[in-house]
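User: I'd like to learn how to read a few features of a protein model. Could you take me through them one at a time?

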Amino acid sequence: MYHAKTQAAYHKRVRIKLRQQLLEKFGNVCACPGCNESTIELLTVDHKNGEGAQHKKRISGQETRSRNIIKYGSKEDYQILCHNCNWGKGMYGQCPHLKL
């Protein structure tokens with residue numbers, strides 16, 4: 001049991017570090033012009049061309065996907081959005097901020 005808790009804690013630290021590297025690579029701020037959210041906990045990586053589901057199918061495991069984006073990802077393919085803007089983009093095709 002102790003080993004499982006230690007391993008879980010290790011992987012959590014790795015995921016946090018990888019997430020920080022992703023955010024730093026793509027700007028640490030929501031790319032939506034109407035938002036500019038910069039609270040780290042509220043930011044996520046967005047696949048600009050809407051290919052997130054395909055990316056998950058091709059590369060399994062969050063840590064592996066994050067490493068792949070850090071190594072090969074470009075600003076033409078990825079951007080940082082806050083969770084609200086990312087959800088709005090996925091649901092409506094564009095962030096609601098852009099309609100204002």
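User: Let's start with charges. Which side chains meet in a salt bridge here?

Analyst: The general idea is that a Lys or Arg side-chain nitrogen has to sit within 4 Å of a carboxyl oxygen of Asp or Glu. This is a predicted model, and in it the side chains of D46 and K89 pair up, with 2.6 Å from N to O. D46 belongs to strand β1 and K89 to helix α4, so the bridge ties together parts 43 residues apart in sequence. Searching the whole structure turns up one salt bridge.

User: Is D46 buried or exposed?

Analyst: For burial, the cut-off is under 20% relative accessible area. D46 counts as buried because its relative accessibility is 6%.

User: Now the helix. Which residues of α4 are buried?

Analyst: The buried ones are C85, G88 and K89. Look at how they are arranged around the axis: they span an arc of only 100°, so they lie on the same side of α4. W87 and G90, on the other side of α4, are exposed.

User: And what covers the buried residues of α4?

Analyst: The cover includes two strands, β1 (43–47) and β2 (78–82). While you're looking at the helix, check what follows α4: G93, with a positive phi near 90°.

User: Next, cysteines. How many disulfides does the structure hold?

Analyst: Here you go by the sulfur-to-sulfur distance, which must be within 2.5 Å. The structure has zero disulfides. Take C30: its closest cysteine sulfur, in C85, is 3.7 Å away, which is too far for a bond. C82 is in no disulfide either, its nearest cysteine sulfur being that of C85 at 3.5 Å.

User: Last one, the surface. Which residues form a nonpolar patch there?

Analyst: For a patch, you look for nonpolar side chains with over 30% relative accessible area that lie within 5 Å of one another. In this model W87, M91 and Y92 make up such a patch, and together they have about 390 Å² of accessible area.

User: Where is M91 placed, and how does its accessibility count?

Analyst: M91 sits in helix α4, which runs over residues 83–92. Its relative accessibility is 49%, so M91 counts as partly exposed.

Conventions. Residues are numbered from 1 along each chain as its sequence is written. This is a predicted model: local features need pLDDT of at least 70, side-chain atom pairs count only at pLDDT 80 or more; totals for chains, interfaces and linings use all residues. Side-chain values use heavy atoms; hydrogens and water are left out. Patches are made of residues with over 30% relative accessible area and no salt bridge: like charges are joined within 9 Å, nonpolar side chains (Val, Leu, Ile, Met, Phe, Trp, Tyr) within 5 Å. Accessible areas come from the Shrake-Rupley method with a 1.4 Å probe; for residues, only the protein chains shown count as cover. Helices (H or I, at least four residues) and strands (E, at least two) are DSSP runs, numbered from the N terminus. Buried means under 20% relative accessible area, exposed over 50%, partly exposed in between (1.4 Å probe, protein chains only). The arc is that of the directions from the helix axis to the C-beta atoms. Contact means heavy atoms within 4.5 Å.
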